[in-house]
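Have a look at the structure first.

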Amino acid sequence: MEKIIFKTIVRLRRLAFFRVTDRTLMMLMPLAVVGSIFQFLWQSVFSPTSLISNIFYFDKWLPDQIFNASWYACQGVTSVIFGTFGLFTAYFSAQYTARLYQKDAQMAGVSGMLALLLCAYRFRDIRDFQLSFNWRFLNINSFLFALLIGFGTGLIFRFLGTDYHHRHAESAQVIKQRAFNSFRPMLATWLIGLVIGILASLVHVRMIATNFYQFFQSQGQNNLNLGIFIPLLLLALLLNWCGIGQPLVSLTAGGDSATNVANLNYALTHGSSWNVPNPYVGNSLYQSYGKFGGNGLTLVILIGILIFIKKNDIARVARWSFIPTLFGSNQGALIGIPIILNPLFLLPYIFLPVVNMLLAASMIAIHLIPASAYNVLSGTPGPLYAFIATNGNWQALIFSMLLFAFDILLYLPIVKMAKDVQDEIDLLNDEEAGYEYVK
Amino acid sequence: MNMLNKDRISKNRLLLLGTFIFLIVLSIPTFFWIKSANHDLAERRKSQMSPVIMIPGSSATTERFNELVNLLNKDTLKKHSLLKIQVKKDGTLKYSGKINRNDNEPFIVVGFENNHDGYANIKKQAGWFDEAFAQLSQQYKFNNFKAFGHSNGGLIWTYWLEKYYADYSDEIKIKKLMTLGTPYNFNESNVDHKTEMLNDFIKNRKKIPKNLDVYSVSGGENYESDGLVPESSVAAGKYIFQNQVKHYTTMTVTGSDAQHSSLPQNKQVVQLIKQYLLENNSGNNIPVNGQKPRENNKKK
């Protein structure tokens, strides 16, 4: 059984698309890690509503100017990195696809980037003739979109481009040749990008996408009970694993719904959250027991890696993205490990949070732990969330620790296999590199 | 290579161990912080108190409303207590009077050491008022209140609502605002000449809460003014409140004591305050059909 899974995964990862994805993710890792560190600083340290700034009473001793300046700086770095993430994704994805088929990779990368911009351009929104883009398509939450455009660009270069091998030193003559050779595939790319872009403008893809996201948002705000929440959550987690993050963000954002307010009011007037009117609110169960820092139990994967993998670059990435993930900023881990589009992590990433939530719901049902009803500040470390949301209930803390340990145990074999797969693929790549041109 | 491995292992373990200790250390202050925050929140939810907070006009002191409160307390069994707070120029508060323990609807007057006129001063006074409000809300933990402002007091209220109220709006609800002879356009009688202050108020009107009831009462000594403030300046309040708050009602009282400075002692005004600003809950203490207590019993 294990062997079959291992072989299937390795075979999957050897497919052109996954090979390109792997390389793209690898190159993007530093961006994502730095971005997530700044996001952590922004949302969990220098935000006036965050746990850290509250329990250390930043408002009492840290001058406003310093606090605000730090907030703006961290917010700016995060927004710029994650807001333009698609551009680099498209660039690297096109580049590595072209390189895989021995075409001009740099030209492909530039074409891919431009194709993405054409797709995201608002053709019908030309007030004052300023450039206007659908920034949502360039955001890290639309990662898959940019990746596919880059991949498509690479494929166009594969079929229309001339063969080219990168060299260490190029003469002016060679460069000229490259430029002329790239006309055909570049034009084809842009033409297709243009058609997609205009079609997208015509059929209001933006509206459709907005409606799609808003569906998740309004569902999230309704704060559904488990039965309706879980199917939506599964879909959102699947999309998140594919690199479309917005639905999950929208679904799990709402906290001020009528049901939550009723729960909080009950808890406040009765001094505890044992018998709140709505004990099985989907989102509050997800926040308390389905996350533990980072969507899809990212933190658990990182701990598994840190325990199990000793000498590997994966362990380094895990260390760097550990603290941000603990506070909920997990993009560094998603891109760097990678977890996104990594077939091995698909099932646990989607289903384990739901298993956790169901276990917690049954514990609530048999009155071993109270429901999570109290307000929780942003930037609360994942494993402490349930403890705080129950106003410091010890049973809830002990249960979340046990659940956390249980998740780590479940993840260990998967992490072990992830390491073996990675070793195998590195080996195969090295073999290839031995007889190919500069890659 | 082996040495390197060992080094890496310990780095991983170190991070895990460090995080574990960090979490434990963090959870201790968090525990106490969260307990006290939730305790605060609970007290506020339970609080039955709904004070009437009053701000006098320029040149007036915290004693300005003494007679008004006497008149309001005259024919009623439920006496309202009166707390007076003077905010000094440096933001410190001087208390006089007190709130009786069982009084759910006390009057709180907030006056200022610097009680001069002018837009620049009104901004300052709104800041001082905010100091007082922050302390009051901390101390008495009320979750709703009613606002009353005479003359420039109404301007301070408006400025405070637009600039400061958002800090409290999650936890404290302003139910009603009554302004009395408030010159929203200062002494300008032509509405086409909007003062800087009125323009600012109109610009930021969206910040005024939508569920607020606003009553603007003006005095009519003659057909144009209450002897000091032009009627059209009072009426300019509609550009701020109308179509923003739930109800915006204007009323004009005439006859004796309709002069600007006499308004707070005007019998009609006292009636209006009783009728519109205060809670008309004479039957509140006597449950009508006993439904409420039973519901409470069930929960217990």
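Leaving aside residues up to four places away in sequence, which residues does A:Ile305 touch?

## Packing inside

This is a predicted model. In it, A:Ile305 makes contact with A:Ile314, A:Ala315, A:Ala318 and A:Val415, once residues up to four places away in sequence are set aside.

A:Ile305 also belongs to the largest nonpolar core, which has 121 residues. Along with A:Leu116, A:Ile301, A:Leu302 and A:Ala318, A:Ile305 touches the most other members of that core. Helix α2 of chain A (residues 16–45) supplies the largest share, eleven residues.

Now for the backbone. A:Ile337 and A:Pro338 are linked by a cis peptide bond, with omega about -15°. A:Pro338 sits in the loop that runs from α20 (331–336) to α21 (343–365) of chain A.

A:Leu341 is also found in the loop between α20 and α21. Its phi is near 55°, a positive value in a residue other than glycine. Is A:Leu341 buried or exposed? A:Leu341 counts as buried because it has 22 C-beta neighbours inside 10 Å.

A:His367 lies in the loop between α21 and α22 (385–389) of chain A. Although not a glycine, A:His367 has a positive phi of about 60°. A:His367 has 11 C-beta neighbours inside 10 Å, so it counts as exposed.

Notes. Residues are numbered from 1 along each chain as its sequence is written. Chains are lettered from A and ligands numbered from 1 in the order in which they are written. This is a predicted model: local features need pLDDT of at least 70, side-chain atom pairs count only at pLDDT 80 or more; totals for chains, interfaces and linings use all residues. A nonpolar core is a set of buried Ala, Val, Leu, Ile, Met, Phe, Trp, Tyr and Cys residues joined through C-beta atoms within 7 Å. A residue is buried if 20 or more other C-beta atoms lie within 10 Å of its own, exposed if 12 or fewer, and partly exposed in between; C-beta atoms are placed from the backbone. Helices (H or I, at least four residues) and strands (E, at least two) are DSSP runs, numbered from the N terminus. Two residues are in contact if their C-beta atoms, placed from the backbone, lie within 7 Å.
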